[in-house]
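These are my notebook entries on one chain.

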Amino acid sequence: MTAEPATNPVPSGSARAALAAAEVAAELAEELSDVVYALRVAPDMAFEYVSSSLEQLIGFPIDEHYTDPNLHLRRVDPRDLPAVTAVMEAPTGAVLDVRAR
């Protein structure tokens with residue numbers, strides 16, 4: 001008899017802790033009226049988390065942010081687009097002070 005690989009492997013202790021921490025962070029973010037998001041920039045840009053407050057603020061359904069990671073750029077004032085683009089292209093760990101309209 002041959003053992004088959006598990007289709008849903010059980011996460012290791014550290015992976016379980018990371019998942020639990022992410023769940024707690026998401027629950028806390030949903031309680032805030034502030035916009036909270038996690039945006040992956042490499043290897044391809046994609047939202048990994050968007051709080052529901054963003055939909056209330058700008059009117060785009062949350063699902064659209066997951067399918068179109070550039071959606072938020074259509075809401076940026078054209079005069080602010082260079083600053084927003086600079087933030088997105090900044091190296092990891094860079095500290096930037098950006099104000100937008």
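**Entry 1: Ser53**

Is Ser53 buried or exposed? I worked from a predicted model, and there Ser53 has a relative accessible area of 5%. I therefore recorded Ser53 as buried, since the cut-off for that class is under 20%. I placed Ser53 in helix α2, which covers residues 53-58. I then looked up the side-chain partner of Ser53 and found Ser51, joined to Ser53 by a polar contact of 3.0 Å.

**Entry 2: the chain as a whole**

I next read the elements along the sequence and noted the pattern α-β-β-α-α-α. Of its 101 residues, 16% are buried. I also looked up contacts between residues at least 6 apart in sequence; 8% of these join residues at least 24 apart. For the surface, I noted that the chain exposes about 7,900 Å², with carbon and sulfur atoms supplying 57% of that area.

**Entry 3: salt bridges**

How many salt bridges does the structure hold? I recorded four. Side chains of opposite charge can pair when their charged atoms come close.

I began with Arg79, whose side chain meets that of Asp77 in a salt bridge at 2.8 Å, N to O. Arg79 is exposed, with a relative accessible area of 59%, whereas Asp77 is partly exposed at 21%. I then turned to the salt bridges that share partners, and found that they join Arg40, Asp44 and Glu48 into one network. Arg40 has a relative accessible area of 28% and is partly exposed.

I also looked up Arg74, which forms a salt bridge with Asp68. Their closest N and O atoms are 3.0 Å apart. Arg74 is exposed, with a relative accessible area of 55%, and Asp68 is partly exposed at 24%.

**Entry 4: a nonpolar surface patch**

Which residues form a nonpolar patch on the surface? I noted Val35, Tyr37 and Leu57, which together have about 310 Å² of accessible area. I located Val35 in the loop between α1 (13-31) and β1 (37-40).

Note on methods:
Residues are numbered from 1 along each chain as its sequence is written. This is a predicted model: local features need pLDDT of at least 70, side-chain atom pairs count only at pLDDT 80 or more; totals for chains, interfaces and linings use all residues. Side-chain values use heavy atoms; hydrogens and water are left out. Patches are made of residues with over 30% relative accessible area and no salt bridge: like charges are joined within 9 Å, nonpolar side chains (Val, Leu, Ile, Met, Phe, Trp, Tyr) within 5 Å. Accessible areas come from the Shrake-Rupley method with a 1.4 Å probe; for residues, only the protein chains shown count as cover. Helices (H or I, at least four residues) and strands (E, at least two) are DSSP runs, numbered from the N terminus. Buried means under 20% relative accessible area, exposed over 50%, partly exposed in between (1.4 Å probe, protein chains only). Contact means heavy atoms within 4.5 Å. A polar contact is a pair of N or O atoms within 3.5 Å; within protein, one must be able to donate a hydrogen and the other to accept it, and residues adjacent in sequence count only if both atoms are side-chain atoms.
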